[in-house]
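Hello,

Here is the structure I promised to pass on to you. Please have a look at it first, and then read my notes below.

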Amino acid sequence: MKKILLQLSAVCLSAALCLPTCFAARTHEPIVQVGLAYGSGALTAANLQNSDGYGAGYRFGYFDQDLEFVELGYTDENLDKITMLRASELYFDGTQYSTEKPSGDYETIGCYHVVLDYFDDYEEACDLAQEYDGAFVAWIEDGYQVRQGVYETMGEAMEAMEELEGDDVSGTSAYAVNVVETGETQLLFQFDGGSSKSFGVMPDVTEEEDVHTWFKGYRYRGGFRYQRINGGDLTVVNIVDIETYIKGVVPYEMTNSWPLEALKAQAVCARSYAYNCIQDRSHVSSNFDICTTECCQVYRGVGAKVSNYQANERTDRAVEETAGMYALYNGEPIVAYYSSSHGGASERIDLVQNSSFAKYPYICGVIDPYEKNVAHINSYSSWTKAWTRDELTQRLRERGYAQNTRVESIELTYSQNGNVVQSRVIYENGKDQVFTPKMSWGTRSLFGLSSLHFTINGEGVKEDTAVTRPGSSATGIVVNERESLNLEETLYVISGTGKTSELDLEDTYIISGTGKVTVLEVEEEETVFESDTPVDTVVTITAEKFVLEGAGNGHQMGMSQFGAYAMAEEGFTYDEIVEFYYPGTRVKELDQK
Ligand SMILES: [Zn+2]
């Protein structure tokens, strides 16, 4: 192993053309902290590159408690690629920065430095740094230092200090970050704010209005934070105002060529959802609000310069024309769950996941007459899956179920909206096993399905025979081909013989199997969505082969994106679309509570 001598090129953090500006935060808007790299994906080395024509150079500093950028230093505009490094024993083999010592030639970055002097002013510190080979400006716990060199041992650093007549020798804490030009080893800046302040970068020193910066294959607006949580690798967080953030969500959650009103509905949902992530601090252990995957919602900033998978004028317009608009329930932005398609009806939240319906009363499930109108563009508008008894038995055995027995039949429980909210597998030995959508390996996993809207061997709730309920479009029904009943104004009970009797809508009734009607005494007024018996139909299928036919792709909650497309095509506006999928909400500005 051979240690390469450091190339002690002069540090030129030129003050020329430096036009520091404040972080362009519109202070009345929420700021979003988006996790780009974190947890096991945290980085030893994190690159940034200016996007040509969208800003040049970089400003260094940190984001304060209000997420305002506090500037501490800057580069000139000719520097377009920088790399933030975990400041610890770190090696560069000519292509890669790593904490593993390379087997071939390498240079060391980190370790010990000579402290030459202390400053309150960045530019004065820069002036001194330019006088020494290998010197750089560091910001250490509220003050500037000019430091020199990178030494693997304290002894080497002491020797250098005597030679240079320096003031001290110092390492860095477990929270420090170094900055180099990408592919180089000379430090441009060092930041050590201890555990309380983390290094921040705001790209651009030219006052460009629209700044785009490359990070891991996508371009982002806004600033970047590099935090060493518990002294580990760099957690990279993009810090942007919420409207800019939403511009980086809409084109990745919905195709950028879709109808404008659908894109606007998507913007309102994404904004409302993000607002709640900020309140809930859903990724608090990594110190950011929201991640970039389906876990929260997909965010790719301005994109990767791929025409159908990036922001465009249309998606930006959808965000701008709905700026500040949220779906509000009782004046608060809702947790606007949405997914690709439901196959005919969304579902009440507590039947799908372990959440309280009282907390999310607007995720109550709606029958969707629109989604099917765009079936021709939705590859999940219908699907079929088949299992023989033996195949299903085998699948269950692989999960530790169905030991020493076989599947005999399947019992499906349907909700009022025609979604399967429970599946019971009945075994030949008389035992059974219940699967619900709430289980981590539940109904959809059991059968390998993409939604909960399905039948088995044709036994189940078909859309056109779904139960009529308040809000549905049915207005009349014919009984025994002789009597037309108006369901909009009155409620009827129909006996087994077809005899009908009119009921008063003010009351609730108990109806026996023979059609006998008793008025139920109800103490509290019930609302439509708080039925205690949302379950409607139970069917049992016994067969050698189970053919599952269904529609939809998603978790069955909130807005259907294909439904939004269809509604937009029919002339509905974005607020009508949102208010349809989240009953009881109003699309409004937040301060118009
Ligand atoms: Zn997430």
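Before the details, one term: a residue is called buried when its relative accessible area is under 20%, exposed when it is over 50%, and partly exposed in between, using a 1.4 Å probe and protein chains only. Please keep in mind that this is a predicted model, in which local features need pLDDT of at least 70, side-chain atom pairs count only at pLDDT 80 or more, and totals for chains, interfaces and linings use all residues. Residues are numbered from 1 along each chain as its sequence is written, and side-chain values use heavy atoms, with hydrogens and water left out.

The overall picture

The protein has 593 residues, and 52% of them are buried. Its secondary structure consists of 38 strands and 11 helices; these are DSSP runs numbered from the N terminus, with helices (H or I) of at least four residues and strands (E) of at least two. Contacts are counted when heavy atoms lie within 4.5 Å. Of the contacts with a separation of 6 or more, 68% are between residues 24 or more positions apart. The accessible surface is about 27500 Å², and carbon and sulfur atoms contribute 44% of that. Areas were computed by the Shrake-Rupley method with a 1.4 Å probe, and for residues only the protein chains shown count as cover.

Salt bridges

How many salt bridges does a search of the whole structure find? The search gives 18, where a salt bridge is a side-chain nitrogen of Lys or Arg within 4 Å of a carboxyl oxygen of Asp or Glu.

Arg-59 is buried, at a relative accessible area of 4%, while Glu-71 is partly exposed at 24%.

Another joins Asp-142 to Lys-197, the closest N and O atoms being 3.3 Å apart. Asp-142 sits in the loop between strand S10 (135-140) and strand S11 (143-151), and Lys-197 in the loop between strand S14 (187-192) and strand S15 (199-203), so the parts tied together are 55 residues apart in sequence. Asp-142 is exposed, with a relative accessible area of 56%, and Lys-197 is partly exposed at 23%.

In the third, Glu-428 meets Arg-406, with the closest N and O atoms 2.9 Å apart. Glu-428 is in the loop between strand S26 (420-427) and strand S27 (432-435), and Arg-406 is in the loop between helix H8 (389-398) and strand S25 (407-415), so the bridge ties together parts 22 residues apart in sequence. Both residues are partly exposed: Glu-428 has a relative accessibility of 37% and Arg-406 one of 24%. Through shared partners, salt bridges connect Arg-389, Asp-390, Arg-406, Glu-428 and Glu-544 into one network.

Two residues and their contacts

Tyr-565 lies in helix H10 (residues 561-569) and is buried, with 16% relative accessibility. Which residues does Tyr-565 contact, leaving aside neighbours within four places in sequence? They are Trp-258, Pro-259, Ala-262, Val-374 and Ile-377. Tyr-565 is also 8.8 Å from Tyr-370, C-alpha to C-alpha, although 195 residues separate the two in sequence.

Thr-542 is part of strand S35 (residues 535-542) and is exposed at 57% relative accessibility. Residues up to four places away in sequence aside, Thr-542 touches Glu-408 and Ser-409. Its C-alpha is 9.3 Å from that of Ile-426, which is 116 residues away in sequence.

Loops with a positive phi

Asn-230 is not a glycine, yet its phi is positive, near 55°. Asn-230 is in the loop between strand S18 (223-227) and strand S19 (235-241), and is exposed at 75% relative accessibility. Asn-404 likewise has a positive phi, of about 60°, without being a glycine. Asn-404 is found in the loop between H8 and S25 and is exposed at 79%.

I hope this helps you find your way around the model.

Best wishes
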